[in-house]
Amino acid sequence: MAYRIEFTPEALGHFAALDARQRAIVRDALQAQLLHQPILETRHRSRLRPNTLAGYRLRVRDLRVYYDVVAEPEALVLVQAIGIKVRNRVMIAGEEIDLT
């Protein structure tokens, strides 16, 4: 079963703020990693501790995609935010986030 991938308005803004190479990397990773079995944990996908941002994280190079999975009424992956990892910090829309 293929999941449909949607972006929140905030995530669309984060996506638009990336350069062309980063957008291509994210687009390819979403298709390869989240189209089928987005909740299966792998080296690149992990479930997050309860937080206000999202339930899952996809790690692609220095980029982080935070998303939720909705199974009913249809299979949907909802991208909540896209950030850039800089050393030990994740920056989303120019602000550092803390998911601990």
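**Figure 1. Elements that cover the buried residues of helix H1 include E1, H2, strand E5 (76-86) and strand E6 (89-92).** The model is predicted: local features require a pLDDT of at least 70 and side-chain atom pairs a pLDDT of 80 or more, whereas totals for chains, interfaces and linings use all residues. Residues are numbered from 1 along each chain as its sequence is written, and side-chain values use heavy atoms, with hydrogens and water left out. Helices (H or I, at least four residues) and strands (E, at least two) are DSSP runs, numbered from the N terminus. Ala 11, His 14 and Phe 15 are the buried residues of H1. Viewed down the axis of H1, these buried residues fall within an arc of 100°, so they line one face of the helix; the arc is that of the directions from the helix axis to the C-beta atoms. Buried denotes under 20% relative accessible area, exposed over 50%, and partly exposed in between (1.4 Å probe, protein chains only).

**Figure 2. Thr 8 stands in the loop between strand E1 (4-7) and helix H1 (9-17).** Thr 8 counts as buried because its relative accessibility is 9%. When residues up to four places away in sequence are not counted, Thr 8 touches Leu 78, Val 79 and Gln 80. Contact here means heavy atoms within 4.5 Å.

**Figure 3. Helix H2 lines one face with its buried residues, which fall within an arc of 130° seen down the helix axis.** H2 comprises 15 residues and reaches 21 Å from its first C-alpha to its last, close to the 21 Å expected at 1.5 Å a residue; the expected span is 1.5 Å times one less than the number of residues. The residues buried in H2 are Gln 22, Ile 25, Val 26, Ala 29, Leu 30 and Leu 34. Their cover includes E1, H1, strand E2 (45-47), E3, E4 and E5. On the face turned away from the buried side, H2 carries the exposed residues Ala 20, Asp 28 and Ala 32.

**Figure 4. Arg 23 belongs to helix H2.** With a relative accessible area of 24%, Arg 23 is partly exposed. Apart from residues up to four places away in sequence, Arg 23 touches Phe 15, Ala 16 and Leu 18. Leu 63 is 40 residues from Arg 23 in sequence, and their C-alpha atoms are 10.0 Å apart in space.

**Figure 5. Val 26, Leu 30, Leu 34, Leu 58, Val 65, Val 79 and Ile 82 touch the most other members of the largest nonpolar core, which has 20 residues.** H1, H2, strand E3 (56-60), E4 and E5 each contribute at least two residues to this core, and the largest share, five residues, comes from H2. Another core, of six residues, lies apart from it and includes Tyr 66, Ala 81, Val 90 and Ile 92. A nonpolar core is a set of buried Ala, Val, Leu, Ile, Met, Phe, Trp, Tyr and Cys residues joined through side-chain atoms within 4.5 Å. In soluble globular proteins, nonpolar side chains tend to be buried together.

**Figure 6. Leu 30 is situated in helix H2 (residues 20-34).** Leu 30 is buried, its relative accessible area being 4%. Beyond residues up to four places away in sequence, Leu 30 touches Ile 5, Phe 7, Leu 35, Leu 58, Val 65 and Val 79. A distance of 7.9 Å separates the C-alpha atoms of Leu 30 and Ile 5, which are 25 residues apart along the chain.

**Figure 7. Salt bridges link Arg 4, Glu 6 and Glu 74 in a network.** The whole structure holds two salt bridges, each defined by a side-chain nitrogen of Lys or Arg within 4 Å of a carboxyl oxygen of Asp or Glu. One joins the side chains of Glu 6 and Arg 4 (2.0 Å, N to O). Arg 4 also bridges to Glu 74, with the closest N and O atoms 2.4 Å apart. Arg 4 lies in strand E1 and Glu 74 in the loop between strand E4 (63-70) and E5, so the pair ties together parts that are 70 residues apart in sequence. Partly exposed positions are Glu 6, with a relative accessible area of 28%, Arg 4, at 35% relative accessibility, and Glu 74, with a relative accessible area of 38%.
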